[in-house]
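The following note sets out several points on the model shown below. Each point is kept brief and may be checked against the coordinates.

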Amino acid sequence: MGGKTGGEKGNAERETVSVTVTLPAALVDQMKEFCRNCRVPRDIVVERALIEYFREGDMSH
């Protein structure tokens, strides 16, 4: 069969989407401190956290 099944990962280019998220002030402060200490941009931290949260096969959410 030539088609992809639901479990296969493709190499298709993904669409970039902007999302605004409101976080509790304490969490924002933690994130700012983490980013400052690790010298990593906030958008990368959020992106990687979401990727981990929604990784394939983890249906705990």
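This is a predicted model: local features need pLDDT of at least 70, side-chain atom pairs count only at pLDDT 80 or more; totals for chains, interfaces and linings use all residues.

1. Helix H1 contains 14 residues and extends 20 Å from its first C-alpha to its last, close to the expected 20 Å at 1.5 Å a residue. The expected span is 1.5 Å times one less than the number of residues in the helix.

2. Residues are numbered from 1 along each chain as its sequence is written, and side-chain values use heavy atoms, with hydrogens and water left out.

3. The protein chain comprises two helices and zero strands; helices (H or I, at least four residues) and strands (E, at least two) are DSSP runs, numbered from the N terminus. Of its 61 residues, 7% are buried, where buried means under 20% relative accessible area, exposed over 50%, and partly exposed in between (1.4 Å probe, protein chains only). The accessible surface amounts to about 6200 Å², with 53% belonging to carbon and sulfur atoms; areas come from the Shrake-Rupley method with a 1.4 Å probe, and for residues only the protein chains shown count as cover.

4. Most residues other than glycine have a negative phi. Arg-39 is exposed, at a relative accessible area of 80%.

5. A nonpolar surface patch is formed by Val-17, Val-19, Val-21, Leu-23 and Leu-27, which together have about 460 Å² of accessible area. Leu-23 is situated in the segment before helix H1 (25-38) and is partly exposed, at 34% relative accessible area.

6. The structure has zero disulfides, a disulfide being a pair of cysteine sulfur atoms within 2.5 Å. The sulfur of Cys-35 lies 7.8 Å from the closest cysteine sulfur, that of Cys-38, which is too far for a bond. Cys-35 is buried at 9% relative accessibility, whereas Cys-38 is partly exposed at 44%.

7. One aromatic pair is counted. The ring centres of Tyr-53 and Phe-54 are 4.7 Å apart and the planes stand at 90°, so the arrangement is edge-to-face. Rings of Phe, Tyr and Trp (its six-membered ring) pair if their centres lie within 6.5 Å; planes under 30 degrees apart count as stacked, over 60 as edge-to-face and the rest as tilted. Tyr-53 is partly exposed at 43% relative accessibility, and Phe-54 is exposed at 51%.

Methods:
Patches are made of residues with over 30% relative accessible area and no salt bridge: like charges are joined within 9 Å, nonpolar side chains (Val, Leu, Ile, Met, Phe, Trp, Tyr) within 5 Å. A salt bridge is a side-chain nitrogen of Lys or Arg within 4 Å of a carboxyl oxygen of Asp or Glu.
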